Amino acid sequence: MRPTALMLAATLFAGLLIPGTAAAAAPSITTMVPAATIAESNAAYLAKAATSLGGADATTGKLKDGRLWRSHRDGIVVYSDTRKAVTVRNALAQAWADTGWENGRFGYPTAEQYSYGADTRQAFTGGILGARSNGTSYWLPTPKPGDFTLAGSGWGHGVGMSQYGARSMAEEGKSATSIL
């Protein structure tokens, strides 16, 4: 943490331990409001995509759940007023088309593509679609968490901050930095 965030956290923590003391000195926290709605963000994304993907051709359409798509020379942008725009590019777009678009095993794209070694991959609702440099594509299922049991005993892990010790240090007048 930056020193200012560290000091704020310590001050708020001390204020919780000793009501009415250190919390009064805490600076006010303002809530950040997003500058643009999803629709406004997508409009800016589409304008940028028109340049970076080689310009939009005349092909646009609607998918089965109401999302929209816009075709470009180097990829397809999938978007709606309620979901962030995502681009499916070149080889991945071809593999997605070959498997039935959103009606196939992959469903809808959920994130932008990324590199994994020499491969390019992209997350979809039905798993991860990958493309190799030789043009072949592959599918990786989305891993499902397995069942597990968590059991514990003893007196903790021996690392971290004791709430009793922190409160005692605050009562002794120690600074927030020294408590942390």
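In what order do the four strands of the open sheet stand? The legends below start there.

**View 1. The open sheet of the predicted model.** The order is E5-E6-E7-E8, with antiparallel pairing. Two strands count as paired if DSSP finds at least two bridges between them. Strands (E, at least two residues) and helices (H or I, at least four) are DSSP runs numbered from the N terminus. E5 (114-116) and E8 (137-140) are the edge strands; each has a single partner, so one side of each lacks a neighbour in the sheet. From one strand to the next, the twist averages 35 degrees.

**View 2. The pairing of E5 with E6.** Three bridges join E5 to E6 (residues 119-124) in the antiparallel sense. Tyr116 sits opposite Asp119 of E6.

**View 3. Helix H3 on the sheet.** H3 lies across E6, E7 and E8. It runs at about 125 degrees to E7 (lines fitted to C-alpha atoms, for helices over the stretch in contact; angles from 0 to 180 degrees between N-to-C directions).

**View 4. The largest nonpolar core.** This core has 13 residues (buried Ala, Val, Leu, Ile, Met, Phe, Trp, Tyr and Cys joined through side-chain atoms within 4.5 Å; buried means under 20% relative accessible area, 1.4 Å probe, protein chains only). E3 (75-79), H3 (90-98) and E7 (127-131) each give two or more residues. H3 supplies the largest share, four. Trp96 touches Val78, Phe106 and Phe124, among others (contact: heavy atoms within 4.5 Å).

Residues are numbered from 1 along each chain as its sequence is written. Local features need pLDDT of at least 70, side-chain atom pairs count only at pLDDT 80 or more, totals for chains, interfaces and linings use all residues, and side-chain values use heavy atoms, without hydrogens and water.

Key
Buried < 20%, exposed > 50% of the residue type's maximum accessible area, 1.4 Å probe, protein only. Lists of a residue's contacts leave out its neighbours within four places in sequence.
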